[in-house]
Amino acid sequence: MSSFSYDPAIRKLDELMKMKHLLPKEAADMLDTVSSLVDKRESYCKQMTTEESPALTKIRKAAGSSRMTTDQLEGQFLKTLVSMTRAKKILEVGLFFGHGALAMAEAIPADGIVVSCEIGAEQVEKTQKLLDQSPHGKKIKIKQGPAKDTLLKLAEEGDTFDFIFIDADKQSQEDYYKIIFGKQLLAPRGTLVVDNALFYGETYDTEGTYKAHDVRKFNEFVVKDETVHRVLIPVRDGMLFIRRLEDVEASS
Ligand SMILES: C[S@@+](CC[C@H](N)C(=O)[O-])C[C@H]1O[C@@H](n2cnc3c(N)ncnc32)[C@H](O)[C@@H]1O
């Protein structure tokens, strides 16, 4: 297998590949085929997906091998979603090196805005320099500090957003959700997307780590909310889409 996978089944396949010598030849050959099909599917999806801008590639390189940054496929998917929904005002919780923020900024009009929350002051400094290198960087306004404070302040000011992307500290997701829906931070007909909803497969596979426990708890909390429609898509580490029920279910 060429790169790390968020899918635990593929990681198990990787482990099985290391035990290939223990298998009869026919089974070992079949295992090779399965493993290469997995790789081929991944690289085919990448090939068939529009290449990202040089500024996005630069950002991904700055993030190095960190699994925190969104990748080419998820970045282009966010870009498609933003353009499909014609979102003009976007809120991101968790900026990091700005890959997701810039991908979304590339899809909004010149008078659109991406407000992105980031707790790390040093991170903000590094990211701002990278964003300044893109003509779309000026659409991104970074709010440094704990995202919960920023969200409360934005809500207090009566701000609303067409598209919200949560991608930060997992233990606070329920708080973010309550502010977003309780204080109407999400505009009418808006869409909320929560990243890492599968959390390396640990939401459904094992007891997992502390963080997976938080994600599982959050997902279960959303499931209990009968006012929303939701769909969990297995792109990268899982993207959970949440919209108000009345914006999805048509009347008969
Ligand atoms: C997974 S990364 C975000 C990746 C980014 N959305 C992208 O597309 O590449 C999570 C980021 O959230 C930040 N973060 C964590 N807890 C936070 C909090 N309470 N408030 C604001 N930012 C936070 C981290 O410092 C980190 O940079």
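This is a predicted model: local features need pLDDT of at least 70, side-chain atom pairs count only at pLDDT 80 or more; totals for chains, interfaces and linings use all residues.
Trainee: Which domains does the chain have?

Mentor: The domain assignment gives domain 1 (8-48) and domain 2 (54-247). Taken over C-alpha atoms, the centres of domain 1 and domain 2 are separated by 32 Å.

Trainee: How do I read a helix? What should helix α2 span?

Mentor: Begin with the general idea. An α-helix has 3.6 residues a turn, so residues three or four places apart point the same way. Now the case. Helix α2 covers residues 25-48, which makes 24 residues. At 1.5 Å a residue, α2 should span 34 Å. The end C-alpha atoms of α2 are 34 Å apart, so the two values agree.

Trainee: Does α2 lie largely buried or in the open?

Mentor: Count the buried residues. Of the 24 in α2, the number buried is zero, so α2 lies largely in the open.

Trainee: In which sense do strands β6 and β7 pair?

Mentor: Look at the bridges. β6 (residues 228-233) and β7 (residues 239-244) pair in the antiparallel sense, over six bridges. Leu-232 stands opposite Leu-240 in β7.

Trainee: What do β6 and β7 form?

Mentor: They form a hairpin, with five residues between the strands. In the turn, Arg-236 has a positive phi of about 50 degrees.

Technical notes
Residues are numbered from 1 along each chain as its sequence is written. Domain bounds come from an automatic or database domain assignment. Helices (H or I, at least four residues) and strands (E, at least two) are DSSP runs, numbered from the N terminus. The expected span of a helix is 1.5 Å times one less than its number of residues. A residue is buried if 20 or more other C-beta atoms lie within 10 Å of its own, exposed if 12 or fewer, and partly exposed in between; C-beta atoms are placed from the backbone. Two strands pair if DSSP finds at least two bridges between them.
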